[in-house]
Amino acid sequence: MNTEASAASTAAGQLYAVLKRDLIDGRFTAGQKLAITALKQHYGVGLSPLREVLNRLAAYGLLEQENQRGFRVPALRRSELDDITDLRQRLEGQALTQALQAGGDEWEAGLLAAFHRLKRADDAPERLEHWEQMHLQFHRHLLEPCGSPWLLRFIEQLHDQFDRYRRMAPANDTVRATLNEQHAQLVDLAMARDVSAARTLLEEHIRLSFEVAKGACHGH
């Protein structure tokens with residue numbers, strides 16, 4: 001790959017990460033049609049890398065393509081959230097079962113470290129984006145030893161879709177406090193290799209988070 005092509009590829013990769021985060025964060029309104037010219041100006045990019053990134057995000061499910069040319073932010077639909085939540089419970093439950101059977105000492109140490117970083121982030125609620133990153137890393141590390149890259153890939157995609165709803169929903173501090181307590185309980189059960197109890201708690205953790213996320217749906 002020549003230098004120019006490499007630079008273009010890097011720029012597209014960076015744009016993909018930024019635009020993906022903005023879509024999950026709710027920077028655009030659900031159902032909104034994206035104006036290509038405005039996007040070019042806002043992100044300071046050319047048409048070619050922008051189209052490449054928009055196509056990738058449409059394939060990933062964070063955008064909808066219209067008539068081969070236009071792109072729209074997907075609506076927030078309760079039926080879709082129900083589907084995502086059900087799949088998260090099943091796939092993450094399976095991954096957790098496999099992770100607890102396969103994880104070793106290094107994984108345990110990493111899980112404790114990820115939990116402590118998340119706990120510190122809990123104590124600084126004003127740094128929301130930092131908490132989101134620590135939260136994602138914790139859940140990712142919990143399932144990491146499951147042995148199936150495809151399973152982890154599907155779970156990450158479902159997480160991103162789910163978070164689009166969760167971040168658009170009104171905050172619920174009471175539920176958030178319970179979810180934070182469950183992170184500590186998940187660590188304890190993972191260390192004890194209590195597969196059944198850990199899986200039940202993870203499914204409840206996802207269900208409780210769903211109770212918050214469904215606030216974004218406005219009856220759709």
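**Stop one: helix α3**

Select the buried residues of α3: Leu50, Arg51, Val53, Leu54, Leu57, Ala58 and Tyr60. Buried means under 20% relative accessible area, exposed means over 50%, and partly exposed lies in between (1.4 Å probe, protein chains only). Helices (H or I, at least four residues) and strands (E, at least two) are DSSP runs, numbered from the N terminus.

This is a predicted model, where local features need pLDDT of at least 70, side-chain atom pairs count only at pLDDT 80 or more, and totals for chains, interfaces and linings use all residues. Residues are numbered from 1 along each chain as its sequence is written, and side-chain values use heavy atoms, with hydrogens and water left out.

Now check the length of α3. The expected span of a helix is 1.5 Å times one less than its number of residues. For the 14 residues of α3 that gives 20 Å, and the end C-alpha atoms are 20 Å apart, which agrees. Step just past α3 to Gly61, which has a positive phi of about 100 degrees.

**Stop two: α2 against α3**

Show the side chains. Ile36, Leu39 and Lys40 of α2 meet Leu47, Leu50, Arg51 and Leu54 of α3. Contact means heavy atoms within 4.5 Å.

**Stop three: Pro74**

Go to the loop between β2 (70-72) and α4, and pick Pro74. Pro74 is buried, at a relative accessible area of 4%. Beyond its neighbours within four places in sequence, Pro74 is in contact with residues including Gly61, Leu62 and Arg164.

**Stop four: helix α7**

Arg164 is also among the buried residues of α7, as are Leu151, Ile155 and Phe162.

**Stop five: Ala113**

Select Ala113 in helix α5, residues 105-122. Ala113 is partly exposed, with a relative accessible area of 31%. His141 is 28 residues from Ala113 in sequence, and 9.9 Å away, C-alpha to C-alpha.

**Last stop: confidence**

Colour by pLDDT, the predictor's confidence in each residue, from 0 to 100. The protein's mean is 91. Confidence is lowest in helix α1 (residues 3-25), at a mean of 80, and highest in helix α4 (residues 78-102), at 97.
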